[in-house]
Amino acid sequence: MKTILSFIAVCFITLTVSAQEFKFETEVINYGKVALGSEGKRVFEFTNVGEAPLIIKDIKSTCGCTVPSKPEKPIMPGEKGKIEVSYDTKRPGGFSKAITIYSNAKQERKMLKIKGYIVKDAKAKTEKSSM
């Protein structure tokens, strides 16, 4: 009897914990080659594929040059949400940055990535693309 009750309790806890889940259209955004000082905003889109409201508690980036913004309201089951990420394109050269999302989903921490290359001017862009 104790074994059966323990099993039922574990099943109930498992179902409760894994009720929220999100699926991203892409987990990596490649900016490609971008001109120095151009628009650095990109959007990660996702869907709550779970059975309960998805709450994004916090989003952290690996440095101050990458600024993410999170949805303020819970994302209901079946609804889509967006996470905007702005990268400072005033820093020439290659970049690869990670964004960590903290939520009430089955996987509490989810990592997304952005990458790309900032070119100084049109001549540099032409030279890089011919390599």
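Me: What does buried mean for a residue here?
Reply: The model is predicted. Relative accessible area sets the class, and exposed means over 50%. Buried means under 20%.

Me: Why is the pair of Tyr87 and Phe95 stacked?
Reply: Both Tyr87 and Phe95 are buried. Their ring centres lie 3.9 Å apart. Planes under 30 degrees apart count as stacked. The pair is stacked because its planes are at 15 degrees.

Me: Which residues do ring pairs link into a cluster?
Reply: Phe24 and Phe46 form an aromatic pair. Ring pairs link these two with one further residue. The cluster is Phe22, Phe24 and Phe46.

Me: What is the strand order of the open sheet?
Reply: Four strands form it, with mixed pairing. Strand 2 (28–35) and strand 4 (56–61) each have a single partner strand, so they stand at the edges. Neighbouring strands are turned by 20 degrees against each other on average, direction ignored. The order is 2-8-7-4.

Me: Over how many bridges do strand 7 and strand 8 pair?
Reply: Strand 7 covers residues 93–103 and strand 8 covers residues 109–119. Tyr102 stands opposite Arg109 in strand 8. The sense is antiparallel, and the pairing runs over 10 bridges.

Me: Which side chain makes a polar contact of 2.8 Å with Lys110?
Reply: Lys110 lies in strand 8. Its relative accessibility is 13%, so Lys110 counts as buried. Beyond four places in sequence, Lys110 touches residues including Phe22, Phe24 and Ile99. The polar contact is with the side chain of Glu27.

Me: How far apart in space are Val34 and Pro92, C-alpha to C-alpha?
Reply: Val34 is in strand 2. At 7% relative accessibility, Val34 counts as buried. In sequence, Val34 and Pro92 are 58 residues apart. In space, the C-alpha separation is 9.3 Å.

Me: Over which ring does the charged end of Arg42 sit?
Reply: Arg42 is one of the residues in contact with Val34. The charged end of Arg42 is 4.1 Å from a ring centre. That ring belongs to Tyr31.

Key: Residues are numbered from 1 along each chain as its sequence is written. This is a predicted model: local features need pLDDT of at least 70, side-chain atom pairs count only at pLDDT 80 or more; totals for chains, interfaces and linings use all residues. Side-chain values use heavy atoms; hydrogens and water are left out. Two strands pair if DSSP finds at least two bridges between them. Helices (H or I, at least four residues) and strands (E, at least two) are DSSP runs, numbered from the N terminus. Axes are lines fitted to C-alpha atoms, for helices over the stretch in contact, and angles run from 0 to 180 degrees between N-to-C directions. Buried means under 20% relative accessible area, exposed over 50%, partly exposed in between (1.4 Å probe, protein chains only). A polar contact is a pair of N or O atoms within 3.5 Å; within protein, one must be able to donate a hydrogen and the other to accept it, and residues adjacent in sequence count only if both atoms are side-chain atoms. Contact means heavy atoms within 4.5 Å. Rings of Phe, Tyr and Trp (its six-membered ring) pair if their centres lie within 6.5 Å; planes under 30 degrees apart count as stacked, over 60 as edge-to-face and the rest as tilted. A charge sits over a ring if NZ of Lys or CZ of Arg is within 6 Å of the ring centre and within 35 degrees of the ring normal.
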